[in-house]
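Please read the following briefing alongside the sequence and the coordinates.

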Amino acid sequence: MNSIISTIKKEGILVGDGGWGTLLIKAGMQAGECPELWNIQQPEIVSNIAMSYKEAGADLISTNSFGGNRIKLRSYGLEDRAKELNQKSAYLTRKAVGEQHHVLASIGPTGKFIMMGDVSEDELYEAFREQATALEEGGADACIIETMSDLDEAKCAVRAVKENTKLEIIVSFTFMKSTGGEERFNTFMGTTPEVFISEMKKLGVSILGTNCTLTVEDMNALLQRMYSFEKEIPFLIYPNAGQPKLTEEGITYPEKPETFAKYVPDYYNNGAKIIGGCCGTTPEHIRAVRNEIERMKLR
Ligand SMILES: [Zn+2]
């Protein structure tokens, strides 16, 4: 299988997938359940989510393994099943999407911080090594170290993946917009987009991105800033479907598929080469992104 980088060179722009949590909840997952356990207990539902994103036009489809590191799984008493849960997640997505699509292994944060003394660097490294090797064994060809806020943790994850697998690596941070005054973005640990880009380039990561937290408008502003700093690296961008609202039906996201895709040409002009969605986005949002890209190609 070609690398994502070479697919980008060939195609110009790729479509990612959308949210998984939203669809798992719609399929009946209850609050407090471990999403990764559904790879074993509800494999058809997990497969169907992967397939629905493929059918919506995604080129890269994730695995249901965002919280699949053993540090996070410990809160469910499932840490000793980390290998099995991750392998199965990659197996299910690969089986659902076939060999012509990229299976992008999702590797999320552990929720523990070296700086706070919550966890040692060795423990983090080992957790990411275990997760990444299992995802590769299950059939993933690339990974996305995503929704990261902590530079130390992200660096550790990159090393663990690089030194133990052949997975192509994408790193995606989540930034907040500061309220009031001039437009500023940083992670909740204080990292700026510029520092994130510089540090990841030093590690040789060749695709960088941003996902979650922000709306399509704010993501567009953030991406402009990233692109004014860095013009060579292809960017991935996965905005949320607006800001979450608590309604009678639970947490909902207001951004409709039609308006979700309105910034796609701007994203492309600002260096985005992979466009998908994060929280609250569905196959309909991804189909809207795909349609917008096809329209751009015709122009
Ligand atoms: Zn998200």
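This is a predicted model: local features need pLDDT of at least 70, side-chain atom pairs count only at pLDDT 80 or more; totals for chains, interfaces and linings use all residues.

Residues are numbered from 1 along each chain as its sequence is written, and side-chain values use heavy atoms, with hydrogens and water left out. Helices (H or I, at least four residues) and strands (E, at least two) are DSSP runs, numbered from the N terminus.

- Eight strands make up an open sheet with parallel pairing, and their order is 1-12-9-8-5-4-3-2; two strands are taken to pair if DSSP finds at least two bridges between them.
- Strand 1 (14-15) and strand 2 (60-62) are the edge strands, each pairing on one side only.
- Strand 4 (residues 142-148) runs parallel to strand 5 (residues 168-173) and is joined to it by five bridges, and Cys143 has Ile169 in strand 5 as its bridge partner.
- Helix 9 packs on the sheet, where it touches strand 5, strand 8 (207-211) and strand 9 (235-238), and its direction makes about 145 degrees with that of strand 8; such angles run from 0 to 180 degrees between N-to-C directions, with axes fitted as lines to C-alpha atoms, for helices over the stretch in contact.

**Strand 8 and its partners**

- Strand 8 pairs with strand 5 in the parallel sense over four bridges, and Ile207 in strand 8 stands opposite Ile170.
- Four bridges also join strand 8 to strand 9, again with the two running parallel, and Asn211 has Tyr238 in strand 9 as its bridge partner.
- Five of the five residues of strand 8 are buried, a term that means under 20% relative accessible area, with exposed meaning over 50% and partly exposed in between (1.4 Å probe, protein chains only).
- In a regular strand the side chains alternate between the two faces of the sheet.
- Both faces of strand 8 are covered, with Ile207, Gly209 and Asn211 buried on one side and Leu208 and Thr210 buried on the other.

**Helix 8 against helix 9**

- The axes of helix 8 (residues 151-164) and helix 9 (residues 193-202) come within 11 Å and cross at roughly 25 degrees.
- Helix 8 is therefore roughly parallel to helix 9, since angles under 35 degrees count as roughly parallel, over 145 as roughly antiparallel, 65 to 115 as roughly perpendicular and the rest as oblique.
- Leu151, Ala154, Lys155 and Val158 in helix 8 meet Val195, Phe196, Glu199 and Met200 in helix 9, where contact means heavy atoms within 4.5 Å.
- The residues of this contact divide into six nonpolar, no polar and two charged; Ala, Val, Leu, Ile, Met, Phe, Trp, Tyr, Cys and Pro count as nonpolar, Asp, Glu, Lys and Arg as charged, and the others, Gly among them, as polar.

**Single residues**

- Ser62 lies in strand 2 and counts as buried because its relative accessibility is 7%.
- Leaving aside neighbours within four places in sequence, Ser62 is in contact with Asp17, Trp20, Thr93 and Leu104.
- Cys212, in the loop between strand 8 and helix 10 (216-229), has a positive phi of about 70 degrees although it is not a glycine, and it is buried, with a relative accessible area of 12%.
- Thr213 is found in the loop between strand 8 and helix 10 and has a positive phi of about 65 degrees although it is not a glycine, but Thr213 counts as partly exposed at 27% relative accessibility.
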